[in-house]
Structure formats: structure tokens, C-alpha cells
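Here is a short report on salt bridges. Keep the sequence and the 3D view open as you read.

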Amino acid sequence: MEDFNSSVDMSTKNPKTAHKARSLLDVYSRLFRNQFMILSMNSSFVDPLLQFESQLKKIESSFRMLVAMPSLDKVKEMGSSNEEIEDLENLYQSILNIFESSLVNLVSTDFYKLQILKEILVWMSEDSSYLQERIMMIINRVLRFAAMKARGHTSVDAPCLGVLAAELSLLCSHDDSSIVQQASLGMYHLFDIAKYQHADIGKSNPTDSKSHSLLFSSDVKFLAKKFQQDKHKIAQTIGQSLLPSLLTDFVRSLLMKLSSPDDKIATEAASILTLTLTFHSEKVTMASQALCTFLPLGSYKKAVAQFFPQLLMALIFQVFYSSELRLMSTDRTLYAQDALRVLLNCSGLQQVDITLMKNGFWNQLSEEPHHHYRVYLLAKTLSDYNFPQFPETMCYLYKLSVEGPRRSEDSIIVVIFLTELLNNFFKEPFPEVVLVLFRNWVHDSNPVVSKLSLRRIAYMSPVNEIENVSSLLIAILDAFLSKDETVVLQALLTLRALLPRLDKVIYSSLCTRIASSYCPLMNNISRRIRSMAIQHFGELLREMSQYMWMLSDVVLGGLVPLVLFLEDDEERVANACKHTLKICTLQLKWSTSYLLKDENYSFEMVVLNICNNLIISHRNYIRDLISDTSEFLWSSRTYLKRASVILVGYLAKSGGHLLLRDEIQVMLNATERLLQDEDPVIKELAKITHNIFKKIAHKLTSATLKENFQKLLKFFYIKKLKTLYNYNSPNGQIDSPTDSEYIKNDKEGHREENDDDILVNNQKFNNVLEPISE
């Protein structure tokens with residue numbers, strides 16, 4: 001560390017340079033700490049697997065720091081003199097050296113840890129930064145070190161050489177020539193290591209071993225150059241150098257690349273795979289050989305049986321990936337489809353193939369529309385014939401589900417397949433480990449996966465036997481927040497399907513949270529979501545009627561949209577509001593249900609009745625309701641503007657005295673803007689509402705007086721309101737609100753007074769206020 005303090009000291013002459021140099025020094029020190037921890041783990045007594053995982057995390061952390069650094073050219077630009085530039089370049093190179101030395105130290109203790117190089121290549125493929133060439137140089141040098149170390153052993157154990165060779169072989173066809181050069185050198189060193197996988201090589205060929213060590217760098221480059229852009233040479237050498245188990249890993253890794261979303265990678269993998277199997281099929285003793293030429297051979301029956309799930313899913317992914325790209329006319333698509341048929345037939349599933357053929361499955365498999373249904377059909381047919389590979393297939397599907405396939409379309413296929421197999425082979429409820437998957441899939445980034453999971457959850461029975469059913473319900477509630485309309489609708493349907501079957505104790509513990517989750521959806525832009533959320537809110541209140549004391553706050557919190565959307569021009573939304581408001585008002589013991597019948601309906605009379613009930617029983621909520629209603633005054637929908645102007649006017653009339661001075665001013669400004677609205681009806685309604693707030697503001701004398709006035713007012717009975725607007729709703733059935741029988745009955749029960757009068761003795765009222773004002 002002392003060697004680089006001069007870099008910072010040097011650059012203090014230039015504060016800007018000093019700051020940037022220190023950021024590099026910070027990377028250096030962090031990599032140095034990571035290296036210390038990696039090396040300390042080598043000498044510990046930690047379980048080897050845990051040790052490897054911990055070291056891999058540290059290597060990944062260091063790698064992420066490297067790719068986040070600026071390029072060397074930019075680093076040089078930080079310096080203002082030749083000396084500064086040289087010091088910064090040395091610091092930059094030292095950072096790379098630390099990363100390289102960490103890898104070298106790991107490999108020096110255990111060839112198994114060459115697996116880390118494979119992981120680095122995967123990380124590198126996810127990042128197309130300028131550092132790719134330098135990372136490849138580091139990997140090449142580590143492999144060269146490992147090859148030199150291998151020569152000193154009679155036998156080495158490097159089980160990752162197959163998968164590492166697969167990654168390097170693809171890079172030998174990279175678009176960047178510098179990366180191709182490094183990859184080919186790496187392949188050469190890898191084959192050098194592979195020669196010492198045989199225990200007898202060091203003994204039987206000591207001369208050959210020694211001659212390898214005498215090769216000059218130029219000779220190595222010449223020998224490695226034959227792997228550049230030459231897939232035939234790679235395939236030939238791979239088969240000659242790798243043990244059968246490693247060659248199987250190589251083939252299997254490339255097989256998995258066939259479903260890569262990058263068409264170039266998939267094409268290169270297919271090409272190398274075909275050549276390798278052409279030259280060395282006899283050495284592939286496991287599964288990887290999911291190609292029509294080799295699957296039917298009797299010598300491969302054991303391998304096909306062992307890797308049936310992997311082959312099955314890899315081919316299904318490939319078939320549907322190809323159909324997405326509309327490659328139906330190419331050999332590639334037909335090849336994967338034919339291989340899938342061959343796999344079924346050579347696995348003892350001839351009847352499955354015959355049934356699928358009768359159903360036209362194979363003829364339409366490559367067609368894009370409805371291919372989700374065809375995945376379901378394949379899984380169902382396998383299940384119907386009780387296919388013997390079920391346990392292994394289930395395990396593999398679960399593994400894929402936990403690890404997560406790379407493409408979202410693959411996720412859909414896995415969900416469909418797994419769900420159908422579960423339906424046929426398991427009694428409900430599913431095991432908890434499986435339910436966790438469905439719960440996680442609810443939040444999948446692909447809406448199709450979310451919907452499939454939600455749909456399956458809806459049919460789970462008996463739901464009360466599910467462990468952690470509360471967490472499952474909460475996951476469904478979280479899906480209400482999805483940006484995809486179809487996911488939200490399915491979440492609503494799923495929740496509604498489960499709630500009536502839910503144990504009442506569990507239901508009651510969650511009913512407030514569930515009811516609150518419906519409220520934001522009542523104002524959703526989608527009419528389908530609005531109507532369903534409102535309808536389901538009412539059903540919950542009906543089912544939980546004995547717990548109304550818990551739900552009254554939620555009911556009053558959702559009252560504004562329930563009232564305003566009575567005027568929705570979508571009939572199903574308006575009807576849902578009437579349905580739910582009837583339930584709400586019955587639970588609150590309000591006499592509003594009569595007015596919600598179609599033959600009696602008048603929007604203004606419903607608002608009037610609700611506000612009169614609020615004055616009597618829930619006066620403290622009026623202030624919040626005014627605030628909630630004011631948000632709708634700026635709606636782009638005319639019916640909402642009209643309805644909100646009327647509702648806020650009645651709320652202000654009944655509880656405007658509870659508002660603070662600033663709140664009144666806000667409402668005055670809001671209603672004043674509506675006086676300029678293009679809609680003449682809104683203008684007229686806004687005039688009345690604006691005057692109401694003006695009168696309230698006029699009566700307000702001081703904040704202190706008002707606060708005490710609010711407290712005293714709770715002890716007085718407020719006169720019921722009378723009609724203010726004479727509004728004829730487009731959705732209303734009554735010609736004029738004043739013709740309503742309700743108004744006639746209401747007038748008979750109360751004496752005539754001004755709307756602003758309070759039903760108390762004026763003298764008593766003044767006597768009470770006098771000491772307060774003083």
C-alpha cells in the first residue's frame with residue numbers, strides 16, 4: 001500500500017486529480033482486503049463447499065469493482081504531467097494484478113477452483129465493457145499458470161474443464177479479434193491441463209511433459225492460433241483431450257446454450273455441438289446428446305433415461321424459442337421438434353407420441369399462436385400416461401423454478417408444465433415448498449407467469465390446510481399494485497375465490513388490510529378493475545358484517561369513490577357502487593338503501609342522505625372526506641367533476657366549520673377555477689359550492705376561536721341539510737330531486753329554517769362563545 005501513497009501525494013498539487021486518484025486507490029484497497037479474506041479462507045477449516053462459495057462471492061465483488069472503473073485512457077487523462085500519468089497507470093495496472101494474483105492463489109491450492117474462471121466468463125458475457133480483453137488476458141494467464149503447475153503432478157483433478165471449455169470455445173468465434181486471440185490461448189492451456197487428467201501420463205510420457213515446458217511463447221501462440229475461428233479443430237481437439245465425463249459436461253453446457261436469446265450464441269453452440277458429436281459421439285456416455293442422430297442408439301438408452309428431464313425441457317425451450325423467431329422453414333426448428341419426438345419414443349413413451357400426433361400436436365407445434373396451450377397439452381398427455389420419469393422431471397422442474405430460467409418465455413413453459421404435473425400427481429394442498437414457488441411467481445416480471453400462478457392459487461383446496469395461508473393472501477394483495485391490468489384482474493378474482501372458503505379467524509385477522517387494498521382500485525383507470533374492486537369490497541363487508549366495528553374506518557375511507565362512481569357512465573361500475581353502498585349503509589345503519597333502488601335513484605338525494613347521516617354519526621370524518629373529494633375536482637372525466645362538486649358542497653355544508661383557514665382557502669381556489677370550466681353544468685354547480693365556502697370563510701373569525709368552536713359544536717345537534725343544486729343526473733331516473741317522496745317526508749319532519757341555521761338557541765350559543773372570544 002505504501003507504494004501508492006505517492007500517487008495521492010503527487011496529485012495533491014491538482015485537487016481534481018487527487019480526488020480521482022483516491023477513488024482508484026479506494027478500489028485498490030478494497031481489492032486488497034478481498035484478497036486477504038480469500039487467502040485466509042484457504043487456510044481455514046471451513047467446509048470446502050462453503051469455502052468455495054464465500055471465495056466466489058469475494059471474487060465477484062472484486063470483478064464488479066473492476067468493470068466499474070474508468071478505462072485506462074480516461075485514467076491517463078486524470079494526470080496533468082507525465083509523472084502523474086505514469087503513477088496513475090501503475091496504480092491501474094496494480095489493481096488488475098491484485099485480481100489476477102487472487103485467482104492464481106486460489107488455483108494454486110486447488111484445481112477445482114478453476115470453476116471460478118467459468119463464472120467470470122459468464123459475468124463477462126453480461127457486460128460488454130472495455131475491460132473484456134483485459135479480463136480475458138487475466139483468465140489466460142491463470143490458465144497458463146495452472147498448466148505449468150499441472151506438469152509437476154502425475155495426475156490432477158479439474159472437474160470443471162468441460163464447462164470452462166464450452167465457454168471458451170464460443171469466445172473463439174467472438175467478433176473482437178483480441179478476445180478471440182486470448183480465448184484460443186486459453187483453450188490451448190486448458191487442453192494442456194486436460195492431458196494431466198490421466199493418472200498415467202506423467203509416468204509414461206516424461207519426455208513429452210518436459211518438452212511442453214520448453215515451448216516458447218511464440219510457439220504457444222502459433223499452436224493456439226489453430227483454434228481461432230476453426231470450429232472443426234476445436235471439436236476434434238476437445239474430444240481428444242477431455243475425459244468422457246468432461247466431454248459430457250462440454251456437450252451438456254452447449255446444449256443449454258441452444259435456448260439462448262442471443263441467436264449468434266445459439267448458432268455457434270449448435271455448430272460446435274454437432275461437430276463434437278460427429279467426431280466423438282462414442283465418448284459421450286451420459287446427455288447430453290439430444291440430437292436425432294444419437295438419441296435412438298441402443299448404447300445411449302441409459303444416458304437418455306438419466307437425463308430425460310434436462311433433454312425434454314431443453315428441446316421444448318428450443319422449439320418454442322425458434323417458433324418465436326418464425327424460423328419454421330429452417331432445419332433448426334424441425335430438428336428440435338424431431339429430436340423431441342425421438343426422445344419420447346426412445347424413452348418408452350411411444351403412446352404419448354401417438355396421442356399427441358392424433359391431436360395434431362406435432363403439425364402445429366412450431367406455430368406461434370396458442371403455443372402455451374400446446375405446452376399444457378404435452379404435460380397433460382405425459383401425466384395421463386403416468387410417465388415413469390415423473391419424479392426426476394418434477395425435481396428438475398423444481399430446480400429450474402428455484403434457479404430461474406434466463407428467458408421469460410422459459411419461465412412460462414416451466415410454470416405450465418410444473419402446474420399440470422402437480423395437478424395430476426398431488427392431492428391438494430400442495431407441499432409448502434411448491435406453494436412458495438407459486439407465491440413468488442405472483443410477483444414475476446412476466447405478467448403471463450403472474451396470471452398463471454394466481455389462477456392456480458384460486459383453485460387450491462382446502463385452502464385452510466395451507467401453511468402460512470396469510471402470507472399467500474398478502475402476496476395476492478401485493479399483486480393489486482401490478483401495472484398490468486390483466487394481473488390485477490386475476491388477483492381480484494383469485495382473492496374473491498379464496499375468501500369465502502377461508503377460516504373466519506384468519507379472515508377476520510386480515511379483513512381490514514384486504515378491505516383497505518380494495519380502496520385504491522376503486523379509482524383505477526380501468527373500468528373493469530373499478531367495478532370488480534367495488535363489487536368485491538361489498539362482498540367482503542357482507543361476509544364480515546359481525547366485524548363492522550373493525551371495518552367502519554375503511555368503509556368511510558372508501559366512501560368518496562363509492563359515491564362519485566355512482567355517476568360512472570359505465571353501467572356495471574354504477575351498479576357495483578349501488579350494490580356496495582347498500583351493504584355499507586346497512587352496516588352503518590343509515591337509511592340510504594331506499595334511494596339506491598333504480599326506481600328511486602337520484603344522485604343528489606343519495607349525497608344529501610349520506611351527508612345528513614354523517615352529521616349525526618360520523619361528523620369527525622367530514623374533514624377527511626372533503627380532502628378525498630377535492631382530488632376528483634381535477635378529473636378529466638366530466639361526470640366525476642360534476643359529482644365531486646356536488647359532494648364537496650354538501651360535505652362543506654355539513655362540516656365546513658371543521659376546516660382550518662388554509663384548507664378553506666384551498667377549496668375556494670379550487671372551486672373558483674371550476675367557474676371557468678368548459679362544461680356549463682359544472683360552472684353552475686361550482687357557483688353554488690364556491691358560495692358555500694365563501695360563507696364558511698366569512699364566518700371564520702380567528703383560528704383560536706375556531707378550534708374552541710369545533711370542540712363545543714360536538715355537543716350540539718346539527719340541522720339536517722336540504723337540497724342545494726337540484727341536479728338532474730344523466731344516470732338518474734327521477735326528473736327532479738324535489739319530486740322525490742324522500743324530500744316530502746323529510747320536510748314534514750323539520751321546521752323551515754335558513755340552511756346556515758344551527759338548531760340551538762342563539763342566545764345560549766352567544767353566551768357560550770363570549771368567554772372564549774375574550
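Is Lys578 buried or exposed? Lys578 is buried, at a relative accessible area of 9%. Buried means under 20% relative accessible area, exposed means over 50%, and partly exposed lies in between (1.4 Å probe, protein chains only).

Lys578 forms a salt bridge with Asp598, with the closest N and O atoms 3.1 Å apart. The two residues are 20 apart and link distant parts of the chain: Lys578 sits in helix H32 (571-587), Asp598 in the loop between helix H32 and helix H33 (603-617). Asp598 counts as partly exposed, at 43% relative accessibility.

## Basis of the model

This is a predicted model: local features need pLDDT of at least 70, side-chain atom pairs count only at pLDDT 80 or more, and totals for chains, interfaces and linings use all residues. Residues are numbered from 1 along each chain as its sequence is written, and side-chain values use heavy atoms, leaving out hydrogens and water.

A salt bridge is a side-chain nitrogen of Lys or Arg within 4 Å of a carboxyl oxygen of Asp or Glu. Helices (H or I, at least four residues) and strands (E, at least two) are DSSP runs, numbered from the N terminus.

## Other salt bridges

The whole structure holds 19 salt bridges. One of them joins Glu100 to Arg141, with 2.9 Å between the closest N and O atoms. This pair links distant parts of the chain, 41 residues apart: Glu100 in helix H5 (residues 82-109) and Arg141 in helix H7 (residues 132-150). Glu100 counts as buried, at 15% relative accessibility. Arg141 counts as partly exposed, at 26%.

Glu432 and Arg439 also meet through their side chains in a salt bridge (4.0 Å, N to O).
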